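Let's take a walk through this protein together, with the sequence beside you and the model open on your screen.

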Amino acid sequence: MAEVAAAQSTEALKVTSIKSLAESSALNNVPSAYGFTINPNDEADPNDPEFAIPIVDMSLLTSGSPEQRSKIIHDLVKICQEWGFFIAINHGVPESLMKAMIEACHGFFSLPDEEKNEFKSGNDVLEMFKYGTSYNLALDKFLLWRDFFKVRVHPEFYSLYKPACFSEVSMEFSKRAREVALEITRAISESLGLEPNYIHNAMNMDRGIQMLAANYYPPCPRPEHAIGIPHHTDHGLVTLLIQNEMKGLQVEHNGKWLTVDGPPNGFFVNLADQMQILTNGKYKSVMHRATVNNKATRISIAIPHGPSVDTIVAPAPELLEKEGQAPKYLAMNYKEYIQLQQSGKNYMKSTFDHIRV
């Protein structure tokens with residue numbers, strides 16, 4: 001058995017995509033290189049009211065009455081403090097465009113490996129585009145049950161040139177998703193008692209980094225012994241996420257892992273590290289992960305929005321004065337923060353530990 005496991009492990013390291021491995025007729029178990037154990041006792045009961053995921057009706061922010069907008073902004077305080085996560089509905093992005101984006105991503109992942117490999121690059125997270133499997137094969141202590149690509153879509157728009165429909169769909173989807181993200185940051189600014197454009201201006205979001213990151217999680221023969229993406233927080237300000245009909249995103253809430261479910265036309269919204277730093281820890285960057293299943297392929301598309309790469313991010317002076325607090329985090333250049341988060345010494349650890357005062 002040990003020889004079989006070793007052979008499977010060696011074979012896994014040669015695989016250029018998890019899609020190829022998952023479609024192999026010889027696969028009937030999880031190769032040891034992908035071994036990861038999920039503790040079912042850590043998972044939340046979705047029927048428990050404590051784990052009812054907050055829902056934010058974006059139409060009340062953009063076209064509701066002053067009283068309705070005020071209530072949503074008031075509700076955001078508790079949501080951002082206790083969850084760092086919510087589902088945005090009635091956001092104005094057509095469901096047909098969301099589905100077209102998922103289909104375009106599926107089209108890319110369905111290309112032959114040699115064509116997808118044209119988009120392989122180094123380990124710089126801010127490159128124009130990047131395709132790969134797992135996370136970082138040089139750092140990974142176990143391999144991830146996923147293939148991925150990332151494309152930078154702001155401040156300059158880049159696109160994959162395959163499949164043919166990708167550029168047009170991704171440009172429109174990225175633009176519309178950005179409008180939603182900026183509306184959310186305005187509302188969050190107001191929930192902090194700041195001017196609506198405070199976060200936008202302080203974080204130089206006119207030049208802010210926006211990525212389009214797609215993940216492909218094929219069926220796994222033993223999903224309890226593999227992971228799509230392990231627990232982590234995002235490095236930006238706010239991330240929007242959509243998926244096909246398969247669930248898999250889990251967020252941590254009150255010490256338990258909750259599998260997120262929601263309407264097919266909703267955006268899953270999570271706050272990220274720069275938001276926690278900017279608010280001096282008042283609003284939380286939510287820990288989350290991606291699990292896999294043995295039934296069907298899951299595709300998710302994350303759209304992270306962050307400051308400009310040269311922005312120095314620190315707790316907002318206006319908030320420190322208002323709350324009578326000292327800063328809990330050191331100021332750091334956003335690009336340097338990303339590089340710190342992606343470094344080997346921070347593998348599956350909190351980057352906050354390096355910048356706490």
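**Starting from one glutamine**

Setting aside neighbours within four places in sequence, Gln 250 is in contact with Glu 43, Trp 257, Leu 258, Thr 259, Met 287, His 288, Arg 289 and Thr 291. Keep in mind as you look that this is a predicted model. Gln 250 belongs to strand β8, which covers residues 249–253. Is Gln 250 buried or exposed? Its relative accessibility is 1%, and the cut-off for a buried residue is under 20%, so Gln 250 counts as buried.

Strand β8 is part of an open sheet of four strands, in the order β6-β11-β8-β9, with antiparallel pairing. The edges are held by β6 (229–232) and β9 (256–259). Each of these has a single partner strand, so one side of each has no neighbour in the sheet. On average, neighbouring strands here are turned by 20° against each other, direction ignored. The antiparallel pair β8 and β9 is joined by four bridges; to find one of them, look at Glu 252, whose bridge partner in β9 is Trp 257.

There is a second open sheet to visit, with eight strands in the order β1-β2-β10-β7-β12-β5-β4-β3 and mixed pairing. Its edge strands, β1 (55–57) and β3 (129–133), each pair on one side only. From one strand to the next, the twist averages 25°. Helix α4 (residues 66–82) packs on this sheet, where it touches β1, β2 (85–89) and β10 (267–271). The direction of α4 makes about 155° with that of β1.

Now follow β10 itself. This strand is mostly covered, with five of its five residues buried. Which residues point which way from β10? Phe 267, Val 269 and Leu 271 point one way, Phe 268 and Asn 270 point the other way, and all are buried.

The UniProt annotation "domain: Fe2OG dioxygenase", from an unreviewed entry, covers residues 207–307. The end C-alpha atoms of that span lie 7 Å apart, and the span is 6% helix and 43% strand.

Next comes Ser 308, found in the loop between β12 and β13 (312–313). At 1% relative accessibility, Ser 308 counts as buried. Its side chain makes a polar contact of 2.6 Å with the side chain of Asp 310, and a polar contact of 2.6 Å also joins the side chains of Ser 308 and Thr 311. Not counting residues up to four places away in sequence, Ser 308 touches Met 203, Asn 204, Arg 207, Gly 208, Ile 209 and Tyr 334.

Tyr 334 leads us on to helix α11 (residues 334–342), whose buried residues are Tyr 334, Tyr 337, Ile 338, Leu 340, Gln 341 and Gln 342. The elements covering them include α9 (273–278), β13 and β14 (332–333).

Finally, a word on confidence. The mean pLDDT of the protein is 92, and 92% of its residues reach 70 or more. Over residues 1–13, however, the pLDDT is below 50; beyond near neighbours in sequence, this stretch has ten contacts in the model.

Methods: Residues numbered from 1 in each chain as written. Predicted model: local features only at pLDDT ≥ 70, side-chain atom pairs only at ≥ 80, totals over all residues. Heavy atoms only, no water. Pairing = 2+ DSSP bridges. Helix = DSSP H or I, 4+ residues; strand = E, 2+ residues; numbered from the N terminus. Axes fitted to C-alpha atoms, helices over the stretch in contact; angles between N-to-C directions. Contact = heavy atoms within 4.5 Å. Buried < 20%, exposed > 50% of the residue type's maximum accessible area, 1.4 Å probe, protein only. UniProt positions renumbered as here; feature names shortened; annotations may be inferred. Polar contact = N/O pair within 3.5 Å; in protein donor to acceptor, adjacent residues only side chain to side chain. pLDDT = per-residue confidence, 0-100.
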